[in-house]
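Subject: Structure for you to look at, with notes

Dear colleague,

Here is the structure I promised to pass on to you.

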Amino acid sequence: MITEETLVDELRQEKTQAKAFEVLVNTYKERLYWHIRRIVLNHDDTDDVLQNTFIKVYKNINGFKGESQLYSWMYRIATNEALSFLKKQSKNQGISDTELQDRMVANLQADVYFDGDEIQLKLQKAIASLPEKQKLVFNMKYYQEMKYEEISAVLQTSVGALKASYHLAIKKLEKFLKED
Amino acid sequence: MKKANNHKDFKIPEGYLDGFTDKLMERISTSEGNQEARMLPNSDGFKIPDNYFDGLHSNIIEKLEEEEKKVITLKPWRNNLYYAAASVAAAILLTIALQYNQSSEPTFESLAKADIEEYFDQTDFGFSTYEIAEVIPVDDLEVADILEYQFNEENIIDYLDDDIDNIEELNLLDNE
């Protein structure tokens, strides 16, 4: 298996760039897809954001200084792309971030690529009500089973603060599900 | 004297002990991982179109090529023409602006904080925070620029007033 360092080197050289980019996409596409999908919820939007993420990575690979791991750098780009996408959506629709989140969850009921039952839909409503940071930490820890150290490298937040955020998120979600 | 396996009065289901370790380990890992999230469902109900990932790489390449086609290099003489036109337009605008607004030229200091915030909030720059971070001249900054900067007490109180919702970011739990 190709190492991250070799992959980055190959991405920087014109001769090997195309092949290395294919390897990069195939290695990270699924993980990044699910990371983005849990932020923007809808498949088509996820597809757009995912493609833009890879294009950004391709164009900015020379700016990658190797201070963090390649995957945490890519996760960071994907997170920022997804959050910027939502920001633009709320601005274009003239609604607040909270209203946008409510609409996104409401749209899930008619989404052909969502077949969650009542409890799963309720959980999405509950997740939508969380502050941004808690939402990200919850999705990365609970669904993607990432380690706190990995999440820390992506969100650039201390492990202690992440543990607190995750704990708070779980408490809020359980309370939300019990109440409704 | 041999005492082990002296349990002739009791029977256990056949093969029970063979799978015992696996079952136990599974139970331990489940209770450790989800100790805090017992009520939450394990899956989220999201699906993806069949074979979506198969065509992803070629879709990205297509989009990348489209984007690159849009960036057309202008010929040098055309560049000069555009610069000339822009200079004339700028000169006209400057003359008009000076004539109409000689007495009250706005300065950065004269802008209300709310106006600046409103501008950043309403204007779509088309840049993500990642892209903005890329152009911050981190290399030109010294640690002392941040550590030795004295914050005004009024600013600190304003910040805490405005951002009290983000109290968790103060990392209070991290200092245990």
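What follows is an account of what was found, taking the interface between the chains before the details within one of them.

This is a predicted model, in which local features need pLDDT of at least 70 and side-chain atom pairs count only at pLDDT 80 or more, whereas totals for chains, interfaces and linings use all residues. Residues are numbered from 1 along each chain as its sequence is written, chains are lettered from A and ligands numbered from 1 in the order in which they are written, and side-chain values use heavy atoms, with hydrogens and water left out.

The interface

Taking contact to mean heavy atoms within 4.5 Å, 40 residues of chain B are in contact with 58 residues of chain A. The buried area, which is the accessible area (1.4 Å probe) that the two parts lose on being put together, summed over both, comes to about 4,500 Å² between chain B and chain A, and carbon and sulfur atoms give 60% of it. Eleven residue pairs, both members at pLDDT 80 or more, are in polar contact across this interface; a polar contact is a pair of N or O atoms within 3.5 Å, where within protein one must be able to donate a hydrogen and the other to accept it, and residues adjacent in sequence count only if both atoms are side-chain atoms. On the side of chain B that touches chain A, α2 (56-70), α4 (113-122) and α5 (129-135) of chain B each supply at least two residues, and the largest share, nine residues, comes from α2(B). Helices here are DSSP runs (H or I, at least four residues), numbered from the N terminus. By class, that side of chain B has 15 nonpolar, eleven polar and 14 charged residues, where Ala, Val, Leu, Ile, Met, Phe, Trp, Tyr, Cys and Pro count as nonpolar, Asp, Glu, Lys and Arg as charged, and the others, Gly among them, as polar.

Salt bridges

Side chains of opposite charge can pair when their charged atoms come close.

A:Arg38 is buried at a relative accessible area of 12%, and B:Asp44 is buried at 6%; buried means under 20% relative accessible area, exposed over 50%, and partly exposed in between (1.4 Å probe, protein chains only).

Within chain A, A:Lys56 forms a salt bridge with A:Glu81, the closest N and O atoms being 2.6 Å apart. A:Lys56 lies in helix α3 (residues 43-60) and A:Glu81 in helix α4 of chain A, so the pair ties together parts that are 25 residues apart in sequence. A:Lys56 is buried, at 17% relative accessibility, as is A:Glu81, at 10%.

A:Glu22 also forms a salt bridge, with A:Lys19, at 3.9 Å between the closest N and O atoms. Both residues lie in helix α2 of chain A, three residues apart, or about one turn of the helix; A:Glu22 is partly exposed at 29% relative accessibility, whereas A:Lys19 is exposed at 55%.

Helix α7 of chain A (residues 132-143) has twelve residues and reaches 16 Å from its first C-alpha to its last, close to the expected 16 Å, the expected span being 1.5 Å times one less than the number of residues. α7(A) is mostly covered, with nine of its twelve residues buried, among them A:Leu136, A:Val137 and A:Phe138. The buried residues of α7(A) pack against helices of chain A that include α2 (14-40), α4 (70-93) and α9 (159-179). Just after α7(A), A:Glu145 takes a positive phi of about 50°.

A:Met104, in helix α5 of chain A, is buried at 12% relative accessibility. Leaving aside its neighbours within four places in sequence, A:Met104 is in contact with A:Ile39, A:Val40, A:Leu41 and A:Leu86. The C-alpha atoms of A:Met104 and A:Leu41 are separated by 7.0 Å, although the two are 63 residues apart along the chain.

With best wishes

Methods. Salt bridge = Lys/Arg side-chain N within 4 Å of Asp/Glu carboxyl O.
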